[in-house]
Amino acid sequence: MHQTLLTLIPIVPFLSALILFSVRLPKILVTTLAVSSIGVAALCVLAIQLTSATDFTPIQAVLGQWLDVAGVKLSFAFYLDGLSLMMISIICGVGWLIHVFSAAFMQQDCDYRRYFCYLNLFVAAMLILVLADNLLLLYLGWEGVGLCSYLLIGFWHDKRSNNIAANKAFIMTRIGDTAMLLGLLLLFWQFGSLNISEINQQAALQMGTNDVMINLSCLLLFIGAAGKSAQFPLQNWLPDAMAGPTPVSALIHAATMVTAGIYLIARNISLFSAANDTLQLIAVVGTITLLLGASAAMVQSDLKRILAYSTISQLGYMFLALGVGANGAASFHLMTHAFFKALLFLAAGALIYCMHHQHNIFKMGGLARKMPVITAAFITGCAALSALPLLSGFFSKELILGQVISGDHWWLWLGGVLGGFCTAFYSARLVLVVFFGPVQQQPNKKVPIMMSAVLVALIMLSIFGGMMPASINAQFPAASVELTPLQHYLPIASPFIAMALAFLCWRSGLFGAPLKSPLVRTLHSWLLNGWQFDWLYQQIFVRPYFFITRLNRHDIIDGFYRAIERLMLALHRLTSLTQNGSLRLYNASILLFVLGALAWVILSGGVV
Amino acid sequence: MIETIFAITAVITLICALITVSSHNVVHALLFMVIMMLAIALIFFLLGAPFAAALQIIVYAGAIMVLFIFVTMMLHQGERSIEGEKTLFTLSGALLPVLLALTLFVEVLVLLNTGDGSNLNQVVALANRDTTKEIGLLLFGPYHQLVALAALMLLSALIGAIHIAIPANSKTEGQP
Amino acid sequence: MIIPLGWLVSFSLALFAIGVFGVVARRNLIFIMISIEIMLNAVALLFVAGSTLHPGSDGQIIYLLILAMAAAEVAIGLALVITMFRRWQSLDVDLLSKMRG
């Protein structure tokens, strides 16, 4: 019975996407079909959760043989263990809420059906990614979510900048995907199989050996994860990806797709434990990324870009946790992050919807009285983000930092604390500028009931969702930590200090004020552009490429073919000279040919 | 003796042909052509094909060449051709064709003489049979379709010639 | 009473070569047609010689057809000569070069 439920979970959204793609349905049917397909999947997940034992044995459902050639045996099968159960709960639960929200948000859009088709396809691909039992099927889901991300970022494709943003996202994740494919091939070459359980079992035998090949394959897999989860240095596609509709940003770029990289590493944790160098690299990259995201978010003026950099920063926390071996903490933070980030994005969506598509926070102000639900949503979400005590974010972030310091990684711990400081600072800045102070622009629409309901549900989850799921605890038992008082209380106190600082800055009108000193202005623009990575890549990759294309302006390879064409034309002109209409010439040429033929016959021995 | 007569007739034919192709006056050329055809008819007689010889004289020399002469007279080509040919047929212009014709002659001869050459050592015996009767039997027998085809061909040539030769602004245009 | 085949063949070949020379060397259209007639005669001679060589008179039948064909060809050819003369008042074959290129 569990197996049937497990099979249904990805299949139902996929079928729904197929139907929405091929059949033209009226809006009400589209909504019903799309939302209920995810609802059905969510109910299946709930059923599995309620009926499975507390120690949680893995479930497997085989659909059929996929490849069986030259020693490669892969089946089309789904595998459910504690980690993937948590992931599909998030995907189906939060995904369902986002679908309901989208039904209200995209009500006036004429491409309604196409939107829900892509959204369902995305959920189906993500579920396949999470439930796959071998790495190639996971890669299938990986590519699927990349495709849907491209389609949904460029959803309003009449605007050229949206197309460019979608291309940027797809190309940068593609770089990661290529590295990941190489990693897959190396793994197959080493272990002879792509089945996740088999690889992890074989790798567990080599734990701690720090083998070069395993390090290399793990490094390549990590590059793939970094591409998909927007880590340094492949992170600058995520702020531009905010060009898509806001529920898309909530689903894909906050809760699900960007967590695929973390899921990949958490799933193959035995494999990664055998590659200590790579784990250290992961931790360092995570720290750099979290500082990058947090510092850049402090100066942004576009509402969604703040949230995008915030996502980059929080993902950095999760990779940091993975790098030091705190897998349970990383998965837990993934869950709580999904709650409060989805809440923040959906609230931002509702805000943008009511403020006539205004994105700039400095053009908004004093909206606390007009829109109470959205204000509550933002305050709760930002509080959870800053890890204020007793909210969900508090438990997961403190767990991560505790695990980091207990492994004696002082510099990484300091980076995490500094990141937390910056996180609280920019969250407070956001709330203060948008919801308090003088009113700049009045909202012109009331918040629809659907949106409010979804926001309230997510508020509840953000507040009360701070409990480590039993399934994660069973799979990744957390080591107990001994912390000194400084280590224990500094991370708790620093958000409050940051919020006080932000309040002071706001009161003195520092936010949004024009900058006078050129040094400050350079620093500001450097942070504003995300540490100038776009400019860097432009110089390193784009300009040399354009230089080469300018050199090849006349297209060398094409020139070869055109030379053949010109040769043929010249020969044609030459042979048309014989076509001069002169009868005598024709006669003479016939005679000459006959003479030639006779001469050839004579010279080749004659005709007997 | 037949060989001697054949040799003399062959020489006459070749000389007449040479004069025909290198003459400046059209009428002279045509008349020499008639003589050439009569010589060939004589050779047919020597070969024992009297019917062919008769046809040669009656049809070829008697109808086709007469047609040539009619057209030449109609177009007044007699005197006009003499000045015309001074520019049209020059000695330098004829060198290359001579070379080509000679090459053709030599090449085919060489071809015929390669191998054991036994083919050409056969001799043609005078036919002692009544070839005219044989022709008649063949024409009414196995080759009767050829007669019909030849007749059709002549009919189409007739119609075609009339149609081509009618002047464009004639009053009879359009009528079959 | 006997004629060697070799003589007949070479004689026919010589006549043919003379005809070829006439076709290529002359520019007057009537002379070209005359040379074609010489070539036809040469070939007809060969066929008739063949008819006496082999039993049966098939060669002479072919000679008959060659004759018919020559007649038809001369008729149409001379009609074309007349048309050409009406257009250009000259029988130079180099005037007939409109199908250039």
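How many disulfides are there over all chains, if a disulfide is a pair of cysteine sulfur atoms within 2.5 Å? The count comes to zero.

This is a predicted model, in which local features need pLDDT of at least 70, side-chain atom pairs count only at pLDDT 80 or more, and totals for chains, interfaces and linings use all residues. Residues are numbered from 1 along each chain as its sequence is written, chains are lettered from A and ligands numbered from 1 in written order, and side-chain values use heavy atoms, without hydrogens and water.

View 1. Buried means under 20% relative accessible area, exposed over 50%, partly exposed in between (1.4 Å probe, protein chains only).

**View 2. The buried side of helix H4(B).** Helices (H or I, at least four residues) and strands (E, at least two) are DSSP runs, numbered from the N terminus. Gln77(B), Gly78(B), Ser81(B), Glu85(B) and Leu88(B) are buried in H4(B). They lie on the same side, because they cover an arc of only 70 degrees around the axis (taken from the directions from axis to C-beta atoms). These buried residues pack against helices H2 and H3 of chain B, and H2 and H3 of chain C (contact: heavy atoms within 4.5 Å).

**View 3. The other side of H4(B).** Here Glu79(B), Glu83(B), Lys86(B) and Thr87(B) are exposed.

**View 4. A hairpin in chain A.** Strands S1 (59-69) and S2 (72-80) run antiparallel, joined by nine bridges. Strands pair if DSSP finds at least two bridges between them. Gly64(A) has Phe76(A) as its bridge partner. Two residues lie between the strands. In the turn, Ala70(A) has a positive phi of about 55 degrees.

Note on methods:
A disulfide is a pair of cysteine sulfur atoms within 2.5 Å.
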